[in-house]
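These are my notebook entries on one structure. I record what I looked up, entry by entry.

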Amino acid sequence: MEEFCQKLPKVELHAHLNGSINDGMVQQLVARHAQQGWDKTAPLPRDWQVVIQKGSSRSLDEGFLIFKLIHQLTRDEESVKMVTESVIRDFADDNCRYLELRSTPRAVADTGMTKESYVEAILSGMRACCESDVNCIVRLILSIDRRQSVGDAMDTVELAHKHLQDSGLVVGIDLSGDPTVGVSADFLPALERAKSLGLKLAIHVAEVPDIEGTRALLSVGADRLGHGTCLHSDHGGHDDLVTMVADQRCPIEACLTSNVKCRTVAGYGDHHFLYWFNLGHPLCICTDDKGVFATTLSEEYLHAAMAFNLSTEQVTSIALKSIDNVFAPDDIKDTLRQQLCPYSA
């Protein structure tokens with residue numbers, strides 16, 4: 001099964017750029033950090049290791065602290081372009097044939113990087129890979145950080161819309177960040193604005209118990225839902241939340257290792273993936289932050305297969321049905337399905 005999962009062509013629909021950096025690239029960024037003299041304005045902690053090793057875990061709060069460290073390493077456009085290319089190549093090497101990266105536009109005053117130039121640096125890295133031998137279609141989702149203001153959220157939506165029109169490489173909006181911060185309903189106008197502009201919505205919901213906040217976010221009619229860990233009443237949610245998701249048939253981006261290592265589920269066998277799989281609900285297997293959680297997309301497929309005793313046919317079916325949920329036109333979906341034909345015969 002391990003070899004099968006690795007060889008299987010896959011799509012990745014929930015991958016945070018800065019959380020997907022491999023350990024080798026982190027070390028390069030640390031060296032560059034010193035060369036640029038950033039250790040004076042943004043000193044790194046003595047223990048700068050950002051990868052949660054296999055078999056270990058951290059709390060959700062500790063996971064978000066890691067991102068603060070990574071942001072200290074990606075402080076200009078060149079470093080952002082470097083990590084973008086590195087992350088894309090990692091996914092392509094893992095037989096990921098379509099990738100939707102997501103990231104929050106970020107400005108760094110002392111390097112002159114603006115939110116616009118940050119996004120342009122990511123797009124530059126995407127184009128560089130497209131123009132080389134990388135066999136992976138890549139699109140970008142801009143994330144609204146819950147810790148930011150509603151005004152910042154609106155700015156992110158407008159920036160995403162600009163690039164949707166200019167290049168088509170930015171395809172959607174995410175709402176993410178620390179789920180214990182902010183009021184979900186405050187961001188509904190920004191999400192509704194994004195929908196009105198033709199942007200897709202892939203939003204984090206129910207990472208932690210938050211019945212009213214989750215109910216508000218589900219009302220907006222997202223195109224995909226990230227995590228959904230605490231939808232069910234057994235996990236701090238409510239039966240009406242489960243009903244809303246099931247009735248909407250809104251695909252869930254399942255991030256098994258992320259949830260296990262952040263301790264929002266007890267173990268792989270306890271993951272809510274099985275509940276939704278048994279309902280026949282649309283699911284996508286995703287990494288979330290492959291660098292931080294020391295995983296790969298192939299390993300996530302393997303974890304699901306082993307935890308829930310899935311056959312190769314069922315694993316292939318999950319990969320095939322995930323294509324239905326990509327934020328891309330039908331011709332791209334058809335191309336991706338053709339790559340899976342040898343496995344679904």
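Which residues does Ile122 touch, not counting residues up to four places away in sequence? I found Leu17, Val80, Thr84, Ser103 and Leu140, where contact means heavy atoms within 4.5 Å.

**Basis of the entries**

I note that this is a predicted model, in which local features need pLDDT of at least 70, side-chain atom pairs count only at pLDDT 80 or more, and totals for chains, interfaces and linings use all residues. Residues are numbered from 1 along each chain as its sequence is written, and side-chain values use heavy atoms, with hydrogens and water left out.

**Entry: Ile122**

I placed Ile122 in helix α6, residues 115–130. Helices (H or I, at least four residues) and strands (E, at least two) are DSSP runs, numbered from the N terminus. Ile122 is buried, at a relative accessible area of 0%; buried means under 20% relative accessible area, exposed over 50%, and partly exposed in between, with a 1.4 Å probe and protein chains only.

**Entry: Gly236**

I then turned to Gly236, which lies in the loop between β6 and α10 (239–248). Leaving aside residues up to four places away in sequence, Gly236 touches Pro209, Ile211 and Cys230. From Leu44, Gly236 is 192 residues apart in sequence and 37 Å apart in space, C-alpha to C-alpha.

**Entry: helices α2 and α5**

I examined the pair formed by α2 (residues 23–35) and α5 (residues 77–93), whose axes come within 11 Å and cross at roughly 170°. The α2 helix is therefore roughly antiparallel to α5. For the terms, axes are lines fitted to C-alpha atoms, for helices over the stretch in contact, and angles run from 0 to 180 degrees between N-to-C directions. Angles under 35 degrees count as roughly parallel, over 145 as roughly antiparallel, 65 to 115 as roughly perpendicular and the rest as oblique.

I recorded a right-handed crossing for α2 and α5. A crossing is left-handed if the near helix is turned anticlockwise from the far one by less than a right angle, and right-handed if clockwise. On the α2 side the contact involves Met25, Gln28, Leu29 and Arg32, which meet Glu78, Ser79, Met82, Val83 and Ser86 in α5. By class, these contact residues are four nonpolar, three polar and two charged. Here Ala, Val, Leu, Ile, Met, Phe, Trp, Tyr, Cys and Pro count as nonpolar, Asp, Glu, Lys and Arg as charged, and the others, Gly among them, as polar.

**Entry: helices α14 and α15**

How do the axes of α14 and α15 cross, and at what angle? I noted that α14 (residues 312–322) and α15 (residues 330–344) have axes that come within 10 Å and cross at roughly 170°. This makes α14 roughly antiparallel to α15. The crossing of α14 past α15 is left-handed. Thr316, Ala319 and Leu320 in α14 meet Arg337, Leu340, Tyr343 and Ser344 in α15. The contact residues divide into four nonpolar, two polar and one charged.

**Entry: helices α7 and α8**

For α7 (residues 150–166) and α8 (residues 188–196), I found axes that come within 9 Å and cross at roughly 10°. The α7 helix is thus roughly parallel to α8. In this contact Ala153, Met154, Val157 and Glu158 of α7 meet Pro189, Ala190, Arg193 and Ala194 of α8. Six of the contact residues are nonpolar, none polar and two charged.

**Entry: cysteines**

How many disulfides does the structure hold? I found zero, a disulfide being a pair of cysteine sulfur atoms within 2.5 Å. The closest cysteine sulfur to that of Cys262 is in Cys255, 10 Å away and too far for a bond. Cys262 is buried, with a relative accessible area of 7%. For Cys284, the closest cysteine sulfur is in Cys286, at 5.4 Å, also too far for a bond. Cys284 is buried at 1% relative accessibility.

**Entry: positive phi**

His227 lies in strand β6, residues 224–227, and is buried at a relative accessible area of 1%. Asp288, likewise not a glycine, has a positive phi of about 75°. I located Asp288 in the loop between β8 (283–285) and α13 (297–307); Asp288 is buried, with a relative accessible area of 5%.
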